[in-house]
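This report describes the fold, the strand pairing, the nonpolar cores and the aromatic pairs of one protein. Please keep the sequence and the model in view while reading.

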Amino acid sequence: MLGTVMPTQRMALALAFVAAAIAAAPALAQLDTPLSSRDRRQLARGETVMRQVQERRGPFRLMGGTSFQVVDLPPEAVWAALNDDARRMRHMLPQVRQARQLEQQGAVRVIRFDHRVGVVEAGYTLRFEYYPSQQTVVFRLDDRYEHDLRAAWGFMRLLPWDGGTKTHISFCARVDNGD
């Protein structure tokens with residue numbers, strides 16, 4: 001789909017994919033780093049805290065990061081939304097035009113996404129593994145399907161906030177959009 005797309009357009013598409021997930025250090029280290037008092041004030045005001053990253057890991061040139069946000073719903077409601085109809089996931093990710101579930105086996109779902117930013121389009125298929133006891137979803141590119149990205153992986157983690165009346169969401173993604 002992206003055969004004649006300029007590198008700057010590809011970069012814009014990849015950035016749109018990870019707009020909500022931006023970080024400055026490896027993902028797990030970012031989660032282990034406590035939120036600063038400034039970060040907590042931002043979250044309390046309804047703002048998103050973002051940490052950007054660009055890194056090389058083996059053959060991949062990855063960009064993306066981690067974002068933290070608090071939503072006005074209890075974790076159970078947010079978890080239910082993450083487990084809902086895959087077509088609704090397009091409303092949770094930036095620039096997604098269509099999302100459709102291709103497979104489901106137990107706690108694993110395979111979902112195809114089509115993105116569109118201006119005239120640039122990209123499609124890819126992600127394998128989601130759900131861990132209910134940790135309220136965590138881990139995802140990665142499913143190499144059994146054709147896609148326009150070289151690599152993609154990440155996670156979403158939910159934690160109670162404000163006594164469990166709200167949810168603290170950590171979202172991390174790393175993407176290599178290719179040449």
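What percentage of the 179 residues of the protein count as buried? The share is 46%, where buried means under 20% relative accessible area, exposed over 50% and partly exposed in between, with a 1.4 Å probe and protein chains only.

## Basis of the values

This is a predicted model, in which local features need pLDDT of at least 70 and side-chain atom pairs count only at pLDDT 80 or more, while totals for chains, interfaces and linings use all residues. Residues are numbered from 1 along each chain as its sequence is written, and side-chain values use heavy atoms, with hydrogens and water left out.

## Overall fold

The protein has four helices and eight strands, arranged along the sequence in the pattern α-α-α-β-β-α-β-β-β-β-β-β; helices (H or I, at least four residues) and strands (E, at least two) are DSSP runs numbered from the N terminus. Among contacts (heavy atoms within 4.5 Å) between residues at least 6 apart in sequence, 53% join residues at least 24 apart. The accessible surface, computed by the Shrake-Rupley method with a 1.4 Å probe, comes to about 9500 Å², and carbon and sulfur atoms account for 52% of that surface.

## Strand 8 and its partners

Strand 8 is mostly covered, with 10 of its 11 residues buried. Strand 2 (residues 60–71) runs antiparallel to strand 8 and is joined to strand 8 by nine bridges, with Met63 standing opposite Val175; two strands pair if DSSP finds at least two bridges between them. Strand 7 is also antiparallel to strand 8, through 11 bridges, and here Leu159 has His168 as its bridge partner.

Strand 7 and strand 8 form a hairpin with four residues between them, and Asp162 in the turn has a positive phi of about 55°. Most residues other than glycine have a negative phi. Gln135, in the loop between strand 5 and strand 6, likewise has a positive phi, near 45°, and counts as buried at 16% relative accessibility.

## Nonpolar cores

A nonpolar core is a set of buried Ala, Val, Leu, Ile, Met, Phe, Trp, Tyr and Cys residues joined through side-chain atoms within 4.5 Å. The largest one has 25 residues, of which Phe113, Leu126, Phe128 and Met156 touch the most other members. At least two residues of this core come from each of helix 4, strand 3 (96–105), strand 4 (108–117), strand 5, strand 6 (136–141), strand 7 (151–161) and strand 8 (166–176).

Leaving aside residues up to four places away in sequence, Leu126 touches a set of residues including Val110, Ile111, Phe113, Phe139 and Ala152. A second, separate core of six residues includes Leu35, Val49, Phe68 and Trp161.

## Aromatic pairs

Rings of Phe, Tyr and Trp (its six-membered ring) pair if their centres lie within 6.5 Å, and planes under 30 degrees apart count as stacked, over 60 as edge-to-face and the rest as tilted. The whole structure holds seven such pairs. One of them joins Trp79 and Tyr130, whose ring centres are 5.9 Å apart with planes at 75°, so this pair is edge-to-face. Because Trp79 lies in helix 4 (residues 75–82) and Tyr130 in strand 5 (residues 120–131), the pair ties together parts that are 51 residues apart in sequence.

Trp79 is buried at a relative accessible area of 13%, and Tyr130 is buried at 6%. The rings of Phe128 and Tyr130 have centres 6.5 Å apart and planes at 35°, so this pair is tilted; Phe128 is buried as well. Ring pairs link Trp79, Phe113, Tyr124, Phe128, Tyr130, Phe139 and Phe171 into a cluster.
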